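Trainee: I would like to go through this model and check the terms used for it. Can we take them one at a time?

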Amino acid sequence: MLEKYAPQVATHRRTTAAIAQGAKELIATVGLNKASMIEIADISEVSRATLYNHYRDKESVLRALAESEMARLIAIAQSAPNTTDALEALSIQISADPALASMRHRDPGALATILAAQSDSLWNQFHNALAEILSDHNTASLAIRWLIGQALAPLTPTQSRLQAEALTTRANI
């Protein structure tokens, strides 16, 4: 019986992934505040009806994008061979992200609000994943704050490596 629904589930996943990717591309191009549901549908190459069948408003699209990005970052960190490489990879991803770069210039208030949302479940999810990777909750808290800094002031790949090494050495990981 489940096999009967497998194609529908796969289609749903592809559609939600396309919408998230389209929203991210749109944010990188025009900024968060100027992105509209119509533009998200257009850039995602889905009909407006399909977009609204999946998400009720722009905020729910943005939440899905944040969840997708968080899962992507956690997977990158978990696949790294060691803690220094995990932190370096996260740093490079965050520093080089075009949507974050756009928000730094076009929507700095919204970016600051998002980054400061410590009570959000995504913050806790990311903290717990980092604590597992780093084997320490205090180091995970420090690493999150270090990474947030890069969303606001990106590092070069060399700086990412050097600072990841310093963080893991100092924490004795």
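Trainee: Which residues touch the most other members of the largest nonpolar core?

Mentor: This is a predicted model. Its largest nonpolar core has 48 residues, and Ile-40, Leu-51, Val-61, Leu-87, Phe-126 and Leu-130 touch the most other members. Helix α8 (residues 121-134) gives the largest share of this core, eight residues.

Trainee: What does Phe-126 touch, not counting residues up to four places away in sequence?

Mentor: Met-70, Leu-73, Ile-74, Leu-90, Ile-144 and Leu-147.

Trainee: Why is Leu-26 called buried?

Mentor: Buried means under 20% relative accessible area. Leu-26 has 7%, so Leu-26 is buried. Its place is in helix α1 (residues 2-30).

Trainee: Which residues is Leu-26 in contact with, leaving aside neighbours within four places in sequence?

Mentor: Gly-31, Ala-35, Ser-36, Glu-39, Ile-40 and Ile-43. Between Leu-26 and Ile-43 there are 7.3 Å in space, C-alpha to C-alpha, though they are 17 residues apart in sequence.

Trainee: What makes α9 roughly antiparallel to α10?

Mentor: Helix α9 (residues 137-152) packs against helix α10 (residues 157-170) at an angle of about 165°, and their axes are 11 Å apart. Angles over 145 degrees count as roughly antiparallel, so α9 is roughly antiparallel to α10. The crossing of α9 with α10 is right-handed.

Trainee: Which residues meet there, and of what class are they?

Mentor: Leu-142, Ala-143, Trp-146 and Gln-150 in α9 meet Ser-160, Gln-163, Ala-164 and Leu-167 in α10. By class, this contact of α9 with α10 has five nonpolar, three polar and no charged residues.

Methods
Residues numbered from 1 in each chain as written. Predicted model: local features only at pLDDT ≥ 70, side-chain atom pairs only at ≥ 80, totals over all residues. Heavy atoms only, no water. Core = buried A, V, L, I, M, F, W, Y, C linked by side-chain atoms within 4.5 Å. Buried < 20%, exposed > 50% of the residue type's maximum accessible area, 1.4 Å probe, protein only. Helix = DSSP H or I, 4+ residues; strand = E, 2+ residues; numbered from the N terminus. Contact = heavy atoms within 4.5 Å. Axes fitted to C-alpha atoms, helices over the stretch in contact; angles between N-to-C directions. Parallel < 35°, antiparallel > 145°, perpendicular 65-115°, else oblique. Left-handed = near helix turned anticlockwise from the far one by under 90°. Nonpolar A, V, L, I, M, F, W, Y, C, P; charged D, E, K, R; others polar.
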